[in-house]
Amino acid sequence: MDIGTIHSIWTVILFGSFIGIVLWAYSKRRKSQFDEAANLVFADEEKDMATREKDRSK
């Protein structure tokens, strides 16, 4: 087995991994989880606004 064969096998393995990751990332089963994770940033804002409004009413 020469170095060219090893490089070819390694390229095929990496390409297969890349395709697997792309399919995982864009699968419809994961969309709801990714949307939830994307909105986690705004969860703190809602808590902060509720706390501010509560403090103002006192």
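Q: Why does Ile3 count as exposed?

A: In this predicted model, Ile3 has a relative accessibility of 57%. Exposed means over 50%, so Ile3 counts as exposed. The residue lies in helix 1.

Q: What makes the nonpolar surface patch that includes Ile3?

A: The patch is made by Met1, Ile3, Ile6, Ile9, Trp10, Ile13 and Leu14, and covers about 770 Å².

Q: Why is the pair of Trp24 and Phe34 called edge-to-face?

A: The ring centres of Trp24 and Phe34 are 5.5 Å apart, and rings pair if their centres lie within 6.5 Å. The planes stand at 90°; an angle over 60 degrees counts as edge-to-face, so that is the name for this pair. A search of the whole structure finds one aromatic pair.

Q: What makes this pair a link between distant parts of the chain?

A: Trp24 belongs to helix 1 (residues 3–25) and Phe34 to helix 2 (residues 28–38), and the two are 10 residues apart.

Q: Why is Trp24 called partly exposed?

A: Its relative accessible area is 43%. Partly exposed lies between buried, under 20%, and exposed, over 50%, so Trp24 is partly exposed. Phe34, at 34%, is also partly exposed because its value falls between those limits.

Q: How many helices and strands does the chain have?

A: The chain has three helices and zero strands, in the order α-α-α from the N terminus. Of its 58 residues, 2% are buried.

Methods. Residues numbered from 1 in each chain as written. Predicted model: local features only at pLDDT ≥ 70, side-chain atom pairs only at ≥ 80, totals over all residues. Heavy atoms only, no water. Phe/Tyr/Trp six-rings, centres within 6.5 Å; stacked < 30°, edge-to-face > 60°. Helix = DSSP H or I, 4+ residues; strand = E, 2+ residues; numbered from the N terminus. Buried < 20%, exposed > 50% of the residue type's maximum accessible area, 1.4 Å probe, protein only. Patch = residues over 30% accessible without salt bridge, like charges linked within 9 Å, V, L, I, M, F, W, Y side chains within 5 Å. Areas by Shrake-Rupley, 256 points an atom, 1.4 Å probe, with all protein chains shown as cover. Salt bridge = Lys/Arg side-chain N within 4 Å of Asp/Glu carboxyl O.
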